[in-house]
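Q: Could you show me how to read the features of a protein model, one at a time, with a case for each?

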Amino acid sequence: MMVETKTTCPYCGVGCGVIASVAGDGAVSVRGDPEHPANFGRLCSKGSALAETLDLEGRLLYPEVFGKRVGWDEALDLVARKFSAAIAEHGPDSIAFYVSGQLLTEDYYVANKLMKGFIGSANIDTNSRLCMASSVAGHRRAFGADTVPGVYEDLEQADLVILTGSNLAWCHPVLYQRIAAAREKRPEMKVVLIDPRRTMTCDIADMHLGVRPDGDVALFNGLLAYLARTSALDDDFIRDHANGFAEALAAAQMGEADIPSLTGLSSEEIEAFYRLFETTEKVVTCYSQGVNQSSSGTNKVNAIINCHLATGRIGRPGTGPFSLTGQPNAMGGREVGGLANMLAAHMEIENPTHRERVRRFWNAPVIAEKPGLKAVDMFRAVADGRIKALWIMGTNPVVSMPDADGVADAIRNCPFVVVSDIMRDTDTTRYAHVLLPAAGWGEKDGTVTNSERRISRQRPFLDSPGEARADWRIIGGVATRMGFGKAFAYENPAEIFAEHAALSGFENEGERDFDIGGYTGISGADYNGLKPFQWPVPAQNTPLCPGGTFRFFGNGGFYTSDRKARFIAVQSAATERTNPDFPLVLNTGRIRDQWHTMTRTGKSARLSAHFAEPFAEINPADAKALGIADAALVRIASPYGEVHVRALITGRQSRSAVFVPMHWTDQFASRGRVDALVPSVTDSTSGQPALKHVAVSVEPYRAQFYGFAVSAARPAPGCADYFAFAKVEHGFRMECAFAEAPESWEAWCRKTWQLPDALCALAYFDRETGDRRVAFFEGVRLVLAFYAARGPVAVSRSWAVTQLGLTHSEARRRIAVMAGRPGMDQPNPGAIVCSCFSIGVNQITAAIDGGCGSVEEVGATLRAGTNCGSCRSEIREILDARHRKHRIQAAE
Ligand SMILES: Nc1nc2c(c(=O)[nH]1)N[C@H]1C(S)=C(S)[C@@H](COP(=O)(O)OP(=O)(O)OC[C@H]3O[C@@H](n4cnc5c(=O)[nH]c(N)nc54)[C@H](O)[C@@H]3O)O[C@H]1N2
Ligand SMILES: Nc1nc2c(c(=O)[nH]1)N[C@H]1C(S)=C(S)[C@@H](COP(=O)(O)OP(=O)(O)OC[C@H]3O[C@@H](n4cnc5c(=O)[nH]c(N)nc54)[C@H](O)[C@@H]3O)O[C@H]1N2
Ligand code: SF4
Ligand SMILES: [Mo]
């Protein structure tokens, strides 16, 4: 019998509805929920592979204290005792919580309540500081509240969608698909992409502006000046609903002459973009980390909002600035006040009326009097000893914080560190004194809010393994032991949600945007059946927008004291970070199939096939100048640290810059944590770190020997000077490099994979080239094949990994494995493009050569791109390249 549960994807802020089915034998499968208004049944590659990440391999199953398994009581008693002792001795500001946009709203609410209302400090900050803080600050400056005015439909209804600092195709794939589908229906709809890189999102763009790093303020300031000059302003909206226009315009006009140099764009490109904006009424500007993660992040946000306010393009269908949130519950975290400078329910910590109101509502003994430490400052305070006890929940700062090595040192030296996670071994858990096992996706129960203010349920469909517990229950357990039992006596998440809803409506009277007072006192049964809904839902039950979708600010009504929006005068200035020693700009971000620090997506062979190794995108001209060949290893350094990654030479990368993904950790690679390079430079308003603009040097990584292996078991970390491994269908694959050859390759293999002596090695040595091959078979199964060479190993990776699952009874087959070459009967699929059906580039090329002329025809032939669709832009690129080649051949 199949049991189906409606829940929500735990990855990105699109917030797709998922139906999880558990079969009689316990096997889980997932599909998109056709009724969920975020995705209408669609899922991307990560969502589609959710079932592959649910195994218990590597899970943290029991509480641990100083590396020893203990019972929950012992662990929670210790945490409560240590926190209480630190407070008694050094005051409430001597402790800190560093939490996550991946906690559920209920978990987040309880953590925030404990810190701000009962401990009496605001030292709770979240990884959303690295993600959304500039948007929050920009919204608050312009709107008086952290409000996302629009809804997803606006992206489909707009005639111009501007995507700036967003790689939507890879990071919000279902929204990307919704725009692509809308554009197919209405070809007159235009898309502009603003990104220093020509990303896969370019596939739907009519115009790509390869802006210089941090050229955004100049670009949007220039747009404001242009709109004024061309009389494209909405004077009525400006007069009736906003203040500060003259100052903002004056600031914008001042910088006009510098726009080409600051943006790096030609005047034709700039003019064409400005004209498009001027002449299109329905414009949505979507922005994400290329905007937020910058020392000018808040100014970028306001420069964008200024243009929308000036044209009155906000709050009406198909219009508005649109902040795309990253994590599944970035928005929920903001609603509960999870940032150190906010209070619960979008109330302000600086406002004494708000503080007193929240304190009364909670019946709390105290309330935090001032903003707490923001993430970067928090870890500085950990480093210099001001923080005596730290609790990290649902985030991996040793990987994801700037100055990551400094953060690791700070955590290592902190007197008391608690980590709540679902995994036993992460780069952060290794420094914890206390490990608390949290229930993960599929086990936990609560709500999340997506980018368009839609609250959806995450529902459990699996039992929590071992002794894992919901985060809210863990926090409540500590609160109770600290003496606050009465205020934390929740039996279930429904009670927490009901309280959260009540607080949002408490003494609100339309004064605050976040109001779900309509759910005050919601029953357990109603909570269980809760359908996805968008806020606001005030208690009065008067529909705010009869018969339609609610958008904020179409008719003004901002949350400032005079209800008018504020234009913000922002200056554009050159941000030069490079210097002769560190001449290139490092830009960092995401790839299609991995989620952050890979603790979950790294478990899926399908998702790990897209990129199996940390890499740096380098422009061909830079590579040439630096003496870097394609697929060579490179060493990237900054004054803070270094990383070793594979070079991926591509014209998509702009000159004088490199892009390195943020995902690799010490669990998967020798030196791939890119945040080790990033200094703790932050936006002065939002405190968000500038993770996309770092000065680095790049040089070839010289090695004597290179290796590649496929193995049934995980290799031991530290086995080679350079290594990176990835999950594959029946085991692992590993790339490695050696400064010096080991004395015996066979002995090295045995040690790295802990192979029993009884297992015989097949070895091969080519005197001429120096190539070495070693393979171990156990019966007919391949246990390990290792290839070493003086240069990068030329063995088909995709073919080699398939060898792990095959039966090698014939000598011919074993020899083929040794030779590292497919036999005639085993075609080589090439690098995997479609992760859903494991279709490689060679197969796609063959299908194109065989007559497939479109992405749809390739799909019909190979199924590639027909499930989640996340690889469709890559298939289109292969098609275009192939057709170009055919045309050139025909012309010759
Ligand atoms: N596959 C996948 N999807 C994810 C995630 C994931 O880990 N993996 N994480 C989720 C999370 S938490 C987040 S926050 C989002 C992030 O989603 P995005 O913000 O779309 O992703 P990033 O790759 O961080 O950065 C976006 C782009 O900003 C560009 N950029 C860099 N500097 C500048 C600049 O100065 N100006 C402009 N205009 N652009 C610039 C980069 O080249 C990059 O292509 O993704 C979410 N979705
Ligand atoms: N250089 C660079 N750095 C970046 C970025 C960038 O673009 N460039 N992006 C930044 C951004 S936008 C973000 S959002 C961060 C993300 O960075 P992190 O938050 O550090 O990354 P995750 O891998 O998502 O970490 C989540 C952790 O929580 C655990 N976990 C999963 N589910 C649960 C649960 O239910 N309960 C608990 N307690 N734990 C759980 C996971 O195993 C994992 O260890 O990285 C930031 N860092
Ligand atoms: S777009 Fe993909 S990762 Fe994001 S919520 Fe939907 S399925 Fe999950
Ligand atoms: Mo994020």
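The dialogue below goes through domains, helices, loops, backbone angles and ligand sites in this predicted model.

Q: Into which domains is the protein chain divided?
A: The chain is divided into domain 1 (3-53), domain 2 (64-130 + 329-496), domain 3 (133-324), domain 4 (584-700), domain 5 (705-819) and domain 6 (832-891). For one pair, domain 3 and domain 6, the C-alpha centres lie 33 Å apart, and seven residues of domain 3 are in contact with seven residues of domain 6.

Q: How do I read the two sides of a helix, and which residues of helix H10 are buried?
A: In helix H10 (residues 245-254), the buried residues are Phe245, Ala248, Leu249, Ala251 and Ala252. They are on the same side of H10 because they cover an arc of only 160 degrees around the axis. Ala246, Glu247 and Met254, on the other side of H10, are exposed. As for partners, the buried residues of H10 pack against helix H8 (216-229), helix H9 (235-241), strand E11 (242-243) and helix H14 (297-310).

Q: What do the buried residues of H25 pack against, and which residue caps the N-terminal end of H25?
A: Within helix H25 (residues 745-752), Trp745, Trp748, Cys749, Arg750 and Thr752 are buried, and the buried residues pack against strand E27 (705-711), strand E29 (731-738), strand E30 (761-765), strand E31 (772-778) and strand E32 (781-789). The N-terminal end of H25 is capped by Ser744, which has a side-chain oxygen 3.3 Å from the backbone nitrogen of Glu746. After H25 comes Gln754, with a positive phi near 45 degrees.

Q: How should I read a loop residue; for instance, is Ile422 buried or exposed?
A: Ile422 is in the loop between strand E15 (416-421) and strand E16 (434-437), and because its relative accessible area is 16%, under the 20% limit, Ile422 counts as buried. Beyond its neighbours within four places in sequence, Ile422 is in contact with Gly58, Arg59, Leu60, Ala438, Ala439, Gly440 and Arg600. Gly58 is 364 residues away along the chain, yet the C-alpha atoms of Ile422 and Gly58 are separated by 8.7 Å.

Q: Where is Ser809, and is Ser809 buried or exposed?
A: Ser809 belongs to the loop between helix H26 (797-802) and helix H27 (811-819), and Ser809 is exposed, with a relative accessible area of 54%. Ser809 and Val780 are 29 residues apart in sequence, while their C-alpha atoms are 5.2 Å apart in space.

Q: Which backbone angles deserve a second look?
A: Most residues other than glycine have a negative phi, and most peptide bonds are trans. Phe40, although not a glycine, has a positive phi of about 45 degrees, and Phe40 is partly exposed at 46% relative accessibility in the loop between strand E3 (28-32) and helix H1 (45-48). Met598 is not a glycine either and has a positive phi of about 60 degrees, but Met598 is buried, at 3% relative accessibility. The peptide bond from Trp535 to Pro536 is cis, with omega near 5 degrees, and Pro536 is in the loop between strand E19 (533-534) and strand E20 (565-566).

Q: How do I read a ligand site, and which residues come nearest to ligand 1?
A: Of the 35 residues around ligand 1, Asp195, Asp216, Gln289, Arg590 and Gln594 come nearest. Backbone N or O atoms also approach the ligand: one of Asp214 lies 2.7 Å from an oxygen atom of ligand 1, and one of Gln594 lies 2.7 Å from a nitrogen atom of ligand 1. Ligand 1 taken alone exposes 900 Å², of which the protein buries 99%.

Q: Which side chains have polar atoms beside ligand 2?
A: Among them is Ser400, with a polar side-chain atom 2.6 Å from an oxygen atom of ligand 2. A polar side-chain atom of Thr588 lies 2.8 Å from a nitrogen atom of ligand 2, and an N or O atom in the side chain of His596 is 2.9 Å from an oxygen atom of ligand 2. On its own ligand 2 has 920 Å² of accessible area, and the protein covers 99% of that.

Methods: Residues numbered from 1 in each chain as written. Chains lettered and ligands numbered in written order. Predicted model: local features only at pLDDT ≥ 70, side-chain atom pairs only at ≥ 80, totals over all residues. Heavy atoms only, no water. Buried < 20%, exposed > 50% of the residue type's maximum accessible area, 1.4 Å probe, protein only. Helix = DSSP H or I, 4+ residues; strand = E, 2+ residues; numbered from the N terminus. Arc of directions from axis to C-beta. Contact = heavy atoms within 4.5 Å. Near = heavy atom within 4 Å. Polar contact = N/O pair within 3.5 Å; in protein donor to acceptor, adjacent residues only side chain to side chain. Areas by Shrake-Rupley, 256 points an atom, 1.4 Å probe, with all protein chains shown as cover. Domains from an automatic or database assignment.
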